[in-house]
Amino acid sequence: MVPLNRPTYYPRVIRLQHSGAANGRLLASFDSGRTGNIYESPDNGQTWQAVAEVTETTPPGNCCSGLYEVPRQLGNTAAGTLFWSTSVGTDKGGRGPCSIRIYRSLDQGRTWSYFSTPVSGFIGLWEPEFGVDKQGRLVVYYSSEERKANGYNQMLAHKVSLDGGLTWGEEVLDVGMNDGKRRPGMPLVKQLPNGSFVMTYEICGTGCDTYIRTSPDGVTWGDPAHEGTRVESTAGHHFEHAPTLAWAPVPGKKDGQLLVIGQMLLNNADNTIAPDNGKVYMVNTNNGIGPWTEVPAPVPVPDAKDNPCPNYSSQLLPSADGLTVLEVALRMTENGCRAFYSTAPVSTSTFQKGSPNKKARKSK
């Protein structure tokens with residue numbers, strides 16, 4: 001999927017749905033050094049080809065990029081416009097000026113140009129993700145270290161744009177505890193068929209467990225100081241580090257199901273590493289409420305650990321009919337960190353030890 005002579009981090013993958021004749025094509029992005037690499041699949045993830053590189057040079061260094069297709073006309077931003085957003089300036093020793101910057105593509109990812117800077121700071125800004133709230137406004141969600149002086153080691157926040165992403169409103173705190181210790185991070189937001197919204201995220205500082213909370217409108221998330229509900233499976237496990245979230249339709253069930261994956265799988269009882277660490281994701285058919293069920297991951301990463309590579313921020317992309325799911329995950333190889341991908345049936349059956357996982361294909 002990416003050149004084997006390049007280190008590859010932080011995968012993101014989307015299916016085009018608002019781009020006319022290009023609808024159904026998959027796009028993926030990866031962080032590689034100071035460059036964002038954009039890849040395309042015309043066959044639902046079976047093969048991939050490089051289509052573009054996005055290089056952020058001012059200030060040097062980028063991290064934790066996001067990829068998003070605008071779903072409707074928003075101001076002067078047309079449906080089908082692509083955003084690639086990235087955290088810049090965060091690799092400097094001691095930190096310094098940093099920001100989240102957006103690049104825009106009007107031709108399904110072939111060419112990119114700078115568009116806007118939703119947020120700037122001096123300590124750390126991370127992990128931009130986008131959505132549209134219930135009022136039809138573009139929202140950017142992100143992690144921020146900019147309020148350390150107020151006791152927020154890190155927090156989750158959002159801003160709203162009324163003109164399709166060119167300018168941005170005031171920052172709103174979504175999740176944050178001003179105890180100087182806990183670090184909410186990596187927000188992912190999906191709107192459900194019933195109109196409500198769900199957000200998954202990690203809270204580090206006392207572990208890095210995965211949590212979920214709901215919102216009626218995509219911008220009102222309840223008491224920021226409340227941790228939310230930890231995502232736990234019927235098998236007695238939870239995820240730690242770098243969770244991501246997806247929604248899939250289920251034939252005959254209007255609410256569909258939510259899919260969550262995290263870097264590591266731990267035992268609830270004592271936080272030790274579970275036997276199926278790196279081998280499962282979880283599903284929930286009750287809008288994220290209650291326990292989750294573990295199912296086999298299409299790309300098993302049994303050496304998953306607290307590290308920026310193996311199984312870090314893996315991506316799950318269900319097929320349009322919800323019957324299969326594509327996973328893009330990272331593994332450490334003799335040539336460094338590389339992306340692997342595979343597709344498998346979506347199942348709500350409990351994961352059984354020894355269940356076969358479809359063999360992952362190494363990127364070519």
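Predicted model: local features only at pLDDT ≥ 70, side-chain atom pairs only at ≥ 80, totals over all residues.

Biologist: Is Cys204 buried or exposed?

Modeller: Buried means under 20% relative accessible area. For Cys204 the relative accessible area is 12%, so the answer is buried.

Biologist: How many disulfides does the structure hold, and how are the bonded cysteines paired in sequence order?

Modeller: A disulfide is a covalent bond between the sulfur atoms of two cysteines. The structure holds three of these links. If you number the bonded cysteines of the chain in sequence order, the pairing reads 1-2, 3-4, 5-6.

Biologist: Cys63 and Cys64 also form a disulfide. Which of the two counts as buried?

Modeller: The sulfur atoms of Cys63 and Cys64 are 2.1 Å apart, and their link is right-handed, with 40° about the S-S bond. Cys63 has a relative accessible area of 21%, so it is partly exposed. At 6% relative accessibility, the one that counts as buried is Cys64.

Biologist: Which parts does the pair of Cys309 and Cys337 tie together, and how many residues apart are they in sequence?

Modeller: The sulfur atoms of Cys309 and Cys337 are 2.1 Å apart, forming a disulfide. The torsion about their S-S bond is about 95°, so this link is right-handed. Cys309 sits in the loop between strand E22 (293-296) and strand E23 (315-318), and Cys337 in strand E25 (residues 336-345), so the pair ties together parts that lie 28 residues apart in sequence.

Biologist: Now the core. Which residues have the most contacts inside the largest nonpolar core?

Modeller: In soluble globular proteins, nonpolar side chains tend to be buried together. The largest nonpolar core here has 19 residues, and those with the most contacts inside it are Tyr68, Phe83, Phe130, Leu138 and Tyr142. Strands E7 (98-105), E8 (113-121), E9 (125-132), E10 (138-144) and E11 (155-161) each supply at least two residues of this core. Leaving aside neighbours within four places in sequence, Phe130 is in contact with residues including Tyr68, Phe83, Ile102, Leu138 and Trp168.

Biologist: Which strands stand at the edges of the open sheet of four strands?

Modeller: The strand order is E1-E2-E3-E4, with antiparallel pairing. Each edge strand has a single partner, so one side of it is left without a neighbour in the sheet; these are strand E1 (9-15) and strand E4 (49-55).

Biologist: And which residue in E4 is the bridge partner of Tyr39?

Modeller: Strand E3 (residues 35-41) and E4 run antiparallel and are joined by six bridges. In E4, the bridge partner of Tyr39 is Ala50.

How values were computed. Residues numbered from 1 in each chain as written. Heavy atoms only, no water. Disulfide = S-S within 2.5 Å. Buried < 20%, exposed > 50% of the residue type's maximum accessible area, 1.4 Å probe, protein only. Core = buried A, V, L, I, M, F, W, Y, C linked by side-chain atoms within 4.5 Å. Contact = heavy atoms within 4.5 Å. Pairing = 2+ DSSP bridges.
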